[in-house]
Amino acid sequence: MTDTATDRTVYRTCPLCEATCGLEISIRDGKVARIRGDRDDVFSSGFICPKGSSLKQLHDDPDRLRKPVVRRGIDADGAPVFEEVEWDEAWEVVAEKLTSVRAAHGTESVGVYLGNPAAHLLSASTHLRQMVKALGSHTRFSASTVDQMPRHVASGHLYGGGLIIPIPDIERTDLLVMIGANPFESNGSICTAPGFPDRIDAMRERGARVVVIDPRRTPTAEHADQHLAIKPGTDAVLLAAMMNHLFNVGSVNPAHLASIVDGLDELPAALAGMTPETAADVTGVDADAIRALAEEIADADSAAIYGRIGTCTVEFGTLTTWLIDVLSIVTGNLDRPGGSMFTSPASERVRPPSEGRPYKIGRFTSRVNNRPEVQGEFPVADLPDEILTPGEGQLRMMVTFAGNPVLSCPDGVRMDQAFSDLEAMISFDIYINETTRHADVILPPPGSLEKSHYDISFYSFGVRNIANYSPAVFDHDGPSEDDILAKFTLIAMGMGTDVDPAVVHDQLVRGLLEGEVRSDHSPVAGRDVDELVAMVEGPTGSDRVLDAMLRTGPYGDGFGSEPDGLSLAKLLRNPHGIDLGPLVPRLPGVLKSPANRINLWAGPFRDELDRLRARVHEWAEEPRLRLVGRRHVRSNNSWMHNLEVLVKGKERCTLQVHPDDARRFGLVEGGQAEIKSRVGKVVAPVEVTDLVMKGVVSLPHGWGHSMPGAKLEVAGRYAGINTNILTDPAMIDPMSGNAVLNAIPVEVAPA
Ligand code: SF4
């Protein structure tokens with residue numbers, strides 16, 4: 001901070017997406033006067049997208065809840081009526097609802113849904129696990145089974161941990177192949193790289209090549225050297241054919257990986273029949289182009305293959321993700337500069353290589369559809385079934401945290417119906433949205449500028465190793481976010497509403513340090529815990545946990561043993577962040593798999609390849625249109641549509657359709673189309689464009705803000721269409737439980 005308390009400039013990491021851009025925020029008369037990119041930020045160097053500067057509008061949004069609200073019934077139109085209350089009253093309602101539902105139906109009748117913003121919140125990173133544990137129910141869901149669980153499951157089987165994820169080393173690569181990823185709009189996902197567009201430009205300037213594989217000619221594809229338009233959902237076939245070709249021409253060379261990878265010899269047989277010609281029929285990508293790209297990857301000095309949303313939100317999401325990594329392995333591009341590497345985050349624990357153990361899923365199964373748990377949760381596509389199907393363990397209460405599954409999850413109509421069937425619901429949210437309108441009580445956290453920030457999650461997926469801490473910009477008139485989480489935790493543990501939330505903060509700090517002093521490899525091994533606890537600094541409980549993490553992490557000050565090392569205090573002295581260097585090779589030490597080896601067949605991938613082979617023949621015959629989603633740089637799933645500055649202008653919620661398909665189905669630019677899937681139908685304005693390939697139509701996701709009772713005045717005026725009325729909960733990636741949001745079979749007709 002500089003200047004006086006009312007006129008000052010502060011530097012802050014944007015918490016809105018995974019890019020972690022540095023912001024320079026000018027405060028005049030106690031209000032945000034201007035937000036622009038922080039040119040001195042060590043990671044983003046001044047880059048900012050339109051959402052970043054909208055933090056001012058978000059802070060000022062009159063619809064943002066500042067105090068808890070409690071539902072007091074419904075009005076004459078059937079819309080819920082909420083009343084603002086003080087926190088004490090809200091906590092009494094929370095305690096009463098939890099107690100009564102548990103007493104009537106048992107602990108398992110209370111389910112949890114964690115939305116995507118939870119991953120961006122410091123308090124959620126430090127306190128949410130404890131809160132969910134206190135609820136005691138196994139019926140947990142999150143946005144992870146909407147868009148990324150295949151990445152975790154593939155990593156789990158290959159490397160022994162769902163969070164051990166290779167990141168494309170875009171700063172040094174000679175060839176970047178992006179599949180189903182559009183970082184020009186998303187700004188990167190599971191690949192933290194602020195200013196992604198500038199980085200791609202820089203990459204091309206130094207002679208690297210960029211290839212994009214996507215059914216749409218996205219802005220990313222338009223900036224690439226090559227765009228291969230692929231039929232949605234068929235990436236696995238393309239990747240299998242590329243690898244098959246490399247084996248056939250003898251271009252497989254795992255190089256430094258050969259000594260730690262098992263199962264390479266079995267790959268050729270497992271890929272049998274997956275030829276470039278077969279793949280061309282199914283994917284729409286020319287067989288020669290498939291061969292050429294495979295050879296280019298094999299021959300490049302370094303190549304990074306990066307798959308994202310389009311590769312995860314499909315029926316073979318986990319297999320596709322596995323194939324991406326295996327292609328990286330057989331070409332020697334995993335864990336080498338310019339390839340795909342593992343980040344070394346400052347919050348990581350310093351531990352010796354363990355013996356490892358097999359990655360486990362299915363430690364328990366879901367009640368209704370008998371689905372295995374994956375990473376401790378069930379597919380969110382099954383959430384309505386768990387609420388609407390009677391029987392022991394039926395969900396009668398939901399706790400939702402920063403999420404709007406009615407708009408963001410499959411079969412939105414049934415999801416909405418399910419939430420209205422609950423006996424009780426508690427939501428942590430800043431808005432009364434399409435989902436939280438069903439809640440009995442909504443607990444609003446402080447606004448984005450009223451709390452400290454450190455991206456524990458996304459610095460773990462950075463293209464560089466970075467640490468950057470942002471203190472709160474404004475004071476908050478209410479409890480801090482970690483106090484809210486801690487208080488809820490204590491109530492869920494049955495300790496009443498009067499307990500001091502600091503109990504939880506202290507326990508988290510102490511628990512972390514007790515683990516550290518017991519570990520021989522920790523920089524504080526053998527030291528006195530009380531002494532360390534007394535040295536921990538930070539204005540909130542989460543900040544204190546973070547301080548303890550950083551100081552005992554790989555770059556930490558070791559509570560004095562490395563005086564120049566990292567601590568919260570050091571980050572406060574460096575408001576533009578600290579660059580901890582480029583990615584470094586980490587194999588085999590980063591592995592948690594048995595014997596610290598990469599076994600390609602640790603998961604049921606052979607069976608999945610057989611299942612894919614069977615589908616190839618169906619797909620080749622498949623004449624139907626496929627629906628895909630799309631991203632826009634001014635949108636962030638569903639939750640930022642209440643900011644006029646982001647949603648005004650040309651209608652964005654349109655059905656994109658190729659000119660040939662428009663003629664075929666009688667659709668005209670600006671007209672209306674009815675889009676029908678197995679589970680629902682919607683009507684959307686038509687945009688005729690060759691940005692989508694033939695046979696593909698596209699609707700953006702996160703829209704549909706027209707439900708009674710939601711208090712989103714601006715979003716209501718730009719309501720758009722909920723594409724998840726069309727997505728089918730019966731279609732999931734069986735290995736991960738991830739929803740299938742892309743490649744949905746649909747029919748279209750003039751409305
Ligand atoms: S790209 Fe993401 S982190 Fe950067 S300003 Fe935009 S929303 Fe914020």
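These are my notebook entries on a predicted model.

**Ground rules.** I number residues from 1 along each chain as its sequence is written. Because the model is predicted, I read local features only at pLDDT of at least 70 and side-chain atom pairs only at pLDDT 80 or more, while totals for chains, interfaces and linings use all residues.

**Whole chain.** I looked up the secondary structure and found 27 helices and 28 strands in the protein chain, taken as DSSP runs numbered from the N terminus (helices H or I of at least four residues, strands E of at least two). The radius of gyration, over C-alpha atoms, is 25 Å, close to the 27 Å from the globule rule for 751 residues, so the chain is as compact as a globular protein of that length; the rule is 2.2 Å times the number of residues to the power 0.38. I noted a C-alpha trace spanning about 70 × 65 × 55 Å along its principal axes. Of the 751 residues, 58% are buried, meaning that 20 or more other C-beta atoms, placed from the backbone, lie within 10 Å of the residue's own.

**Barrel.** I traced six strands closing into a barrel in the order β21-β25-β22-β24-β23-β28, with mixed pairing; two strands pair if DSSP finds at least two bridges between them. The twist averages 45 degrees from one strand to the next, with axes fitted to C-alpha atoms and angles running from 0 to 180 degrees between N-to-C directions. Strands β21 (625–628) and β28 (744–750) run antiparallel and are joined by three bridges, and Leu625 stands opposite Val746 in β28.

**Hairpin.** I then followed β2 (22–28) and β3 (31–37), antiparallel strands joined by six bridges, where Arg28 has Lys31 as its bridge partner. Two residues separate the strands of this hairpin, and Asp29 in the turn has a positive phi of about 50 degrees.

**Ligand shell.** I listed the residues around the ligand, among them Cys14, Cys17, Cys21 and Cys49, together with Lys51 and Asn187; a residue counts if its C-beta atom, placed from the backbone, lies within 6 Å. The shell divides into eight nonpolar, three polar and one charged.

**Tyr454.** I found Tyr454 in the loop between β17 (441–443) and β18 (464–467), and it is buried because 27 other C-beta atoms lie within 10 Å. Leaving out residues up to four places away in sequence, Tyr454 touches Leu122, Tyr469 and Leu546, a contact being C-beta atoms, placed from the backbone, within 7 Å. The C-alpha atoms of Tyr454 and Leu490, 36 residues apart along the chain, are separated by 25 Å.

Notes:
Nonpolar A, V, L, I, M, F, W, Y, C, P; charged D, E, K, R; others polar. Buried ≥ 20, exposed ≤ 12 C-beta atoms within 10 Å, placed from the backbone. Contact = placed C-beta atoms within 7 Å.
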